[in-house]
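Colleague: Could you walk me through how to read helix packing and burial in a model like this?

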Amino acid sequence: MDELVKTIHEIHANWWIDLETGKRKERNVGELLCLVHSEISEGMEGHRKNLMDDHLPHRSMIEVELADALIRIMDIAGGLNLDLPGAVIEKLIYNQQRADHKLEKRRKEGGKAY
């Protein structure tokens, strides 16, 4: 995952360049997170309407939009020098021990329901 974060950030280095000066610019983290959210929202809409993707018509829209969200997330991690792979591993381990993730807890009224 670490190599993928680096590669994706390198591929999208122009997202971090000021078009007028050609120098690296500081990105607005709120804007970056909203771009991830927009990809997720597009995926939800594609799933709701059972759409195929416009650019990759052999793939479902939800599949492509989730890929776009991952690309955005990994680019953010690369641009902000975040240890995303380490955080994912630690979070997976933590989630295995969470009481509210256990089936018996999720089955109770008010437990992890949508």
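This is a predicted model: local features need pLDDT of at least 70, side-chain atom pairs count only at pLDDT 80 or more; totals for chains, interfaces and linings use all residues.

Colleague: At what angle do the axes of helix 1 and helix 3 cross?

Modeller: Two packed helices are described by the angle between their axes and the distance between the axes. Here the axes of helix 1 (residues 2-11) and helix 3 (residues 61-79) cross at roughly 90 degrees and come within 8 Å. That makes the two helices roughly perpendicular (65 to 115 degrees).

Colleague: Which residues of helix 1 meet helix 3?

Modeller: Leu4, Val5, Ile8 and His9 do, and their partners in helix 3 include Ile71, Met74 and Asp75. Contact means heavy atoms within 4.5 Å.

Colleague: And His12, buried or exposed?

Modeller: Buried means under 20% relative accessible area, exposed over 50%, and partly exposed in between (1.4 Å probe, protein chains only). His12 has 16% relative accessibility, so it counts as buried. His12 sits in the loop between helix 1 and helix 2, and its side chain reaches the backbone oxygen of Ile8 at 3.0 Å. Beyond its neighbours within four places in sequence, His12 is in contact with Ile71 and Asp75.

Colleague: How does Met44 count?

Modeller: Met44, in helix 2 (residues 29-48), counts as partly exposed because its relative accessibility is 48%.

Methods: Residues are numbered from 1 along each chain as its sequence is written. Side-chain values use heavy atoms; hydrogens and water are left out. Helices (H or I, at least four residues) and strands (E, at least two) are DSSP runs, numbered from the N terminus. Axes are lines fitted to C-alpha atoms, for helices over the stretch in contact, and angles run from 0 to 180 degrees between N-to-C directions. Angles under 35 degrees count as roughly parallel, over 145 as roughly antiparallel, 65 to 115 as roughly perpendicular and the rest as oblique. A polar contact is a pair of N or O atoms within 3.5 Å; within protein, one must be able to donate a hydrogen and the other to accept it, and residues adjacent in sequence count only if both atoms are side-chain atoms.
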